[in-house]
Structure formats: C-alpha cells, structure tokens
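Welcome to a short tour of a structure that may be new to you. Please keep the sequence and the 3D view at hand while you read.

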Amino acid sequence: MTAPMPQATVHATIESYLTEVAARLVGPARMRGAILAELRDGLMEALGTRLARGVEPAHAAAAAIGEFGDPPSVARGFASELAAATARRVAFALASTGPPIGLLWAAAYAGRFGLVHVGPPWRWPAAPTGAWLAFPLICAVVAIAGLAALTVVASTSRLSRWLPMRPTLAPVAAAAVAAAAMTVDLTMLGLLASQVVTRPGSLAWSSAAAAATASLTRLTLAGWATSRCQTSRAAVA
Amino acid sequence: MEDAQGLKGHLDVLLLAALENGPRHGYAIKEALRTGSNGRFDLPTGTIYPALHRLERAGLISGSWSVVDGRRRRSYQLTAGGRRKLDGDRTDWHQFAGAISALLGPSPRVATS
C-alpha cells in the first residue's frame, strides 16, 4: 500500500500540467494568463470533487488532468480564440496609428508652409520628388489596408455573430495589414531620404524627424506583429 | 464520447441553456451538461472553455472574475443577446424535433420473448 500523496505534491502535479499547457499557448500574455487561471480553477474543482468522494489524491489528480485532456489538445482548443485576439489587437493598433502618422507626414511636407494647401499633396511646396506617383499608390494601399483592418476587428469582436471569419484567416488578414503598414512606412521613409539629399531646404525638420521616428517605430512593431500573426496562424492550423 | 461528437453544432445552445438559471463557472457548466443529460453528454473539458470564450467574444455571455478558496474564478452569465439567441434556438429545435418525431413515429415497442 502506497502512502497518500501530500497536498503540496498534488498541487505541484496540477501546476506541472498547467506549465505544459502554457508552453503551447500562443497569443496575448493577458489572455494566456486568464486561460491558465480558469483552467487551474476547473482542475481544482475536478480534483476537489474526486477527493470528496474519497478518491486517493494521486488518482484524483491524475483523473482530473485526464478529464481536461493532454496539454497539446487543450492548447489547440484555445488556438482559435488566441489567434482571433492577436489579429484583433494587431489590426486595431495599426488602424489606430494610421491617422496620426499620416498627419505627421502631412505636417512634415506642409509644415514650413502651413498645413492648409489647395490641391493634392504632390503639389504641396515641399512635396518630395516622385510624390505624384507614390502618394496615390500609398492612398490606395491605406484604403485597402484600412478596410481589411476594420473587417478583422469586426469579425473578431461582438460582430463575429454576423461577420464570421475563419480562425486561420483573421491572423493572415492582420499580417497583411501589418505588411501594408510597413510598405507605407518604408515608402515614406524612402521619399524622405531622397528629399534630404535633393532638397533639404524644403523640409520642416522637426516635423520630418517626428514623422520618421513614428514610422520607424511602427515599422519595427509591425514586423514583430507580422511574426506573431504567423505564429498564431500556425497554432490554429 | 460518440454522443459528444453528435453534439457538434448544438454545443452553443446547450452552453447558453446551462446558464439560463444563473451564472456558472466553466467546470460547473460541464457538470450541469453531464448531469442534465444523465451522463450522456460528458463533453471533454478542453472543448467547453474555448467555446465559452467564443460565446463571450460574440457578446452572448459575459464573464466576470471572483476569488474562491484563494484562486481566481471566472463565472459566466447570459447577456440579453444570449437570452434572445437561446429563445430563438430553442424554438427552432422544438419545431425541428417535432417534425422529425412526426416522421419517425412512436418509439419502437420493447421486444418480449
């Protein structure tokens, strides 16, 4: 006859199981923490139910864990929700940064001459060389990416009842929005670089520095977000 | 478990129904489904929690945290939208089940030797 398992050991068994689940969850840290807290409570309930029936602690812990399933299966069950949360955050963040960064660039090219100009941006006094081609393309990319971002946010929120999106599609769409943001930022930074070389006197330097810093920051974050979206999508598939 | 597989497509309405009489936490919902079906629907626990998260994201249920026995517990309750969804799905189910029952006829008699 084996000695009863101490309570601390039973808890350690459950925590070890949760650690294995945690290692396989991919998504926002806060949501992962909430999932683990919820699983821990459920496991303790399942354990308590068996202990109350007189089941030996080691067997009760094993049975409670067995009831929840093996860690890869449990983590896979949450993958869709975690991917949706990741996609929603990325799309929302990028959609939110669009207008302020756009305004910073507008100020960079119009700042020295005042923000109000008649005519399209490529006719502004400080417009960079090649702006007549770049700006319409950027506007088209921003419009498509903005629509995609709003669709991702809607389909991963309460509106998901009416606007469902496949679990694998949301992170892909969010990654596409991030790629579009990176394209816009790289284009604007490229235009700025050419402007610095060809017509440095036309720039409002403080506004240009602020716009460049904002775009560089978003470029970095969008690159990281793209990677997170791809990882989330892989976890769902 | 075969019954659990057959529940695919009906899980959402069963989870909503389990919350009809008040808030419950995830494990209590699982147990309510098991005991309410006389043990036929003993769903894998790993299925219940993600489904609850999906229903919450859709605004059909709302979750809130509390502390019980020193650990965090998330309990869920129906929202107004969830209650409407439950009512609608319940009506649809009764009409569907009634039509199927009418076509299948009465239960077969138990064979006696």
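Which order do the three strands of the open sheet in chain B have? The order is 1-3-2, and the pairing is antiparallel. Before going further, please note that this is a predicted model, in which local features need pLDDT of at least 70 and side-chain atom pairs count only at pLDDT 80 or more, while totals for chains, interfaces and linings use all residues. Residues are numbered from 1 along each chain as its sequence is written, and chains are lettered from A and ligands numbered from 1 in the order in which they are written.

**The sheet of chain B**

Strands here are DSSP runs of E with at least two residues, helices are runs of H or I with at least four residues, and both are numbered from the N terminus. Two strands count as paired if DSSP finds at least two bridges between them. The edges of the sheet are strand 1 (24-25) and strand 2 of chain B, each of which pairs on one side only. The table sets out the two pairings.

| Strand pair in chain B | Sense | Bridges |
|---|---|---|
| Strand 2 (residues 61-68) and strand 3 | antiparallel | eight bridges |
| Strand 1 and strand 3 | antiparallel | two bridges |

Strand 2 and strand 3 of chain B form a hairpin with two residues between the strands. Asp69(B) sits in that loop and has a positive phi of about 50° although it is not a glycine. Most residues other than glycine have a negative phi. Is Asp69(B) buried or exposed? Asp69(B) is exposed, with 9 other C-beta atoms within 10 Å. For reference, a residue is buried if 20 or more other C-beta atoms lie within 10 Å of its own, exposed if 12 or fewer, and partly exposed in between, with C-beta atoms placed from the backbone.

**Other sites in chain B**

Asn38(B) is another residue other than glycine with a positive phi, near 55°. Asn38(B) belongs to the loop between helix 3 and helix 4 of chain B, and counts as exposed because it has 7 C-beta neighbours inside 10 Å.

His53(B), in helix 4 of chain B, counts as buried because it has 26 C-beta neighbours inside 10 Å. Helix 2 (residues 11-18) of chain B has buried residues too, namely Leu14(B), Leu15(B), Leu16(B) and Ala18(B). They pack against strand 1, helix 3, helix 4, strand 3 and helix 5 (80-104) of chain B.

**Chain A**

Now turn to chain A, which has seven helices and zero strands. Its radius of gyration, taken over C-alpha atoms, is 26 Å, well over the 18 Å that the globule rule gives for 237 residues, so chain A is more spread out than a compact globule. That rule is 2.2 Å times the number of residues to the power 0.38. The C-alpha trace of chain A spans about 90 × 35 × 25 Å along its principal axes. Buried residues make up 38% of chain A.

An automatic or database domain assignment gives domain 1 (7-69) and domain 2 (82-236) in chain A. The C-alpha centres of these domains lie 43 Å apart. Five residues of domain 1 are in contact with eight residues of domain 2, where contact means that the C-beta atoms, placed from the backbone, lie within 7 Å.

A nonpolar core is a set of buried Ala, Val, Leu, Ile, Met, Phe, Trp, Tyr and Cys residues joined through C-beta atoms within 7 Å. The largest nonpolar core has 80 residues, and Ala87(A) and Val152(A) are among those that touch the most other members. Helix 4 (residues 71-110) of chain A gives the largest share, 17 residues. Both domains of chain A give residues to this core, so it lies between them.

**Where the chains meet**

How values were computed:
Contact = placed C-beta atoms within 7 Å.
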